[in-house]
Amino acid sequence: MSIWDELTGQSEAIAVFRAAAGDPAFSDRDAAASPSHPEGSMTHSWLITGPPGSGRSNLAFAFATALLSPGDPEGDAAARRQVEARTHPDLGVLSTERVIISIDEVRSLVTSSQFSPSVARYRVMIIEDADRMTERTSNVLLKALEEPPPRTVWILCAPSEADLIPTVRSRVRSVRLRIPAVADVAELIARRDGVDLALATRAARESQSHIGMAHRLATNEQARVRRERTLDAALGIRTVSDAVLAAGALLEAAADDAKSITEERDAEERESALRSLGVEPGGTIPPALRAQLRSLEEDQKRRATRSLRDGLDRIMVDLLSLYRDILLVQLGSDVEPINLAVIDRVRAAAASASPAQTLATLDAIATARRRIGNNVSPALALEAMLITARRAPS
Amino acid sequence: MAATRGAAIPQLSWGAVRPASVVLVSGTEEFLAERAISLLRDILRTEDSSLEVSDIAADDYSPGELATFASPSLFGEPRMVRVSGVEKCTDAFISESLAYLESPASDCYLVLRHAGGVRGKKLLDAIRGGLGGGIEVVCTELKKDSDRTDFVLSEFRAAGRKVTAAAVRALVAAFADDIAELAAACRQLLSDSSEEITEAIVEKYYSGRVETNAFRVADTAIAGRHGEALVLLRHALASGADPVPIVAAFASKLRTMAKVSGARGSSGQLAGQFGMAPWQIDRAKRDLQGWTEEGLARGISILADTDAQVKGEGRDPIFALERMVNVVSARGDER
């Protein structure tokens, strides 16, 4: 099995990377260019862009495996295992569970990019979520991206080129991923997770081809119920009072969701930190060590913020899909709706409002997403959003 | 003298402090504690002008310090030992002061300042239990307006000056936050004017100064008093309030009103349903008078927009706040 097999519906991008990984001109300057690997298909800085869930990071790691495997662009087993565990000595990865990537993290990555590879053909530096760098942080990268040491390769991942500053954009070769087709995602989910194709198709459609979300919806009953409740809550809003209560409920659901993900890990991390500091369980923490634990707690808090925001964003993407469907019905379009499972309620909702109202709600959802990104209180942003979703009872 | 008294020691207010071999000054109000300690020093000075005053920082205590300062001197002067930061004291301080309390030196007045907290509890319990025959001066924060009024009256009475009731009211309203500021204002008035202190004099010195908070601005705006709300907003901003909590105060008020607006039932039932106190529900019901459904909707939309503006989307947070006050005090009507 090749490293490229798990990536769904991205054949063009895969072809580009395959050719690059096999390019002899870059790794071995003396070898002649072979016809299957034309010279110049490899470069030192790459940017992978594509919608969330299209497999940007997976593709980045597949490419990294190919580059780190000695001589084999299809990836050998040892390199693959090490990349999967993120322990390969020539691989530097920067991914974040916070809202932004800090400048110090990037600085240390830039420093380590200057070393020559120890065992592999290349040293590979990957920045997932490169869009989470502020402008000041991005500037630290410029020199390293423009002229890395001969055998260092940078791979950045971001949702779109517009998320990066122009000076970074001009220093990388960009590879765009597309949204995989619903059928492709459904087929992957059905094959990998062993669920039946009808459920997989529904999950793929409702997640709008986001592979990670589709996997979650297909395998987690609770996630499906939560999604249905979100849509119900939005469709049931008649008054301002309803809107405020619904906003509270959505926020609570997102917070619970975020907490269930982070709480367990927080406790585990704390325990392992205490163990490595030599504090016995239940013992008091010496004052000199408190600063370390405090910095751990601050990191965990940042992760919780990010986790809550991601949860809210998922909710709002679900609501966007709902109002998109309502608008499609109102305009009499024959594009396939996303929320086929509740199509009757979508039709009823379409009859009780005008297309202008639906468009206003769609705008409000987009505004709320932007506001939450800008640190506006999530409760307030959601309330203002749902107030535009009030509809007279049909 | 030691350990002959009953289990509990006298607890006095800051103004009633008197010499004792151990004076524990407890409570969070730093200003009053300082007052009490300096008052005690003045009393001791008038008793014997050769008083020796020394200071110890309990959080940075080196063993033996207490015994050095407290032991009798060659000429037998009385000694006052002021210990600060007992709430952060070292273990050595606790053990040595406990040993000292067993047999206090004669003619030595030990003053311990403890600003609250559990650190040094053993020592406090021993003193409160009567060890060393001390007294405790309790300096709690003056939270109520009536306490502040009493404070102001006692300030003027101590200086032997007359003050009108209206003047006291104006002073307490102008300095609602910090007791030290209030005391400084009293001193200023005492030293600058020779006749009776009237409201006109307070007005002359501190006219137009009103301390307010975000919730008062929100209450006034929601009640529809537009001009007053704008003035209060400016006062709040001028006396150090941040725009972000002001928006949050508006949001929490309007959120409760919106929840209550659609609900039927008694205050008690609603309180249980929304997880709020019954008085909050009653308050929200009263606030809702004159508000319409559309008005609430517009009010909440403008709050979300203002929150975004004050958090960096707009260039002028003050303008955004004023626009918010305009819309809210018009009960959501467009102007």
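User: Is Asp90(A) buried or exposed?

Analyst: Buried means under 20% relative accessible area, exposed over 50%, and partly exposed in between, with a 1.4 Å probe and protein chains only. In this predicted model, Asp90(A) counts as buried because its relative accessibility is 0%. Residues are numbered from 1 along each chain as its sequence is written, and chains are lettered from A in the order in which they are written. Local features need pLDDT of at least 70, side-chain atom pairs count only at pLDDT 80 or more, totals for chains use all residues, and side-chain values use heavy atoms, with hydrogens and water left out.

User: Where does Asp90(A) lie, and which residues does Asp90(A) touch?

Analyst: Helices (H or I, at least four residues) and strands (E, at least two) are DSSP runs, numbered from the N terminus, and Asp90(A) lies in the loop between α4 (77-84) and β2 (91-94) of chain A. Contact means heavy atoms within 4.5 Å; leaving aside residues up to four places away in sequence, Asp90(A) touches residues including Leu68(A), Pro117(A), Tyr122(A) and Arg123(A). A polar atom of the Asp90(A) side chain lies 2.9 Å from the backbone nitrogen of Ala120(A).

User: What is the mean pLDDT of chain A, and where does pLDDT stay under 50?

Analyst: pLDDT is the predictor's confidence in each residue, from 0 to 100. For chain A the mean is 86, with 94% of residues reaching 70 or more, whereas pLDDT stays under 50 over residues 29-37. Where pLDDT is low, the predicted coordinates should not be read in detail.

Note on methods: A polar contact is a pair of N or O atoms within 3.5 Å; within protein, one must be able to donate a hydrogen and the other to accept it, and residues adjacent in sequence count only if both atoms are side-chain atoms.
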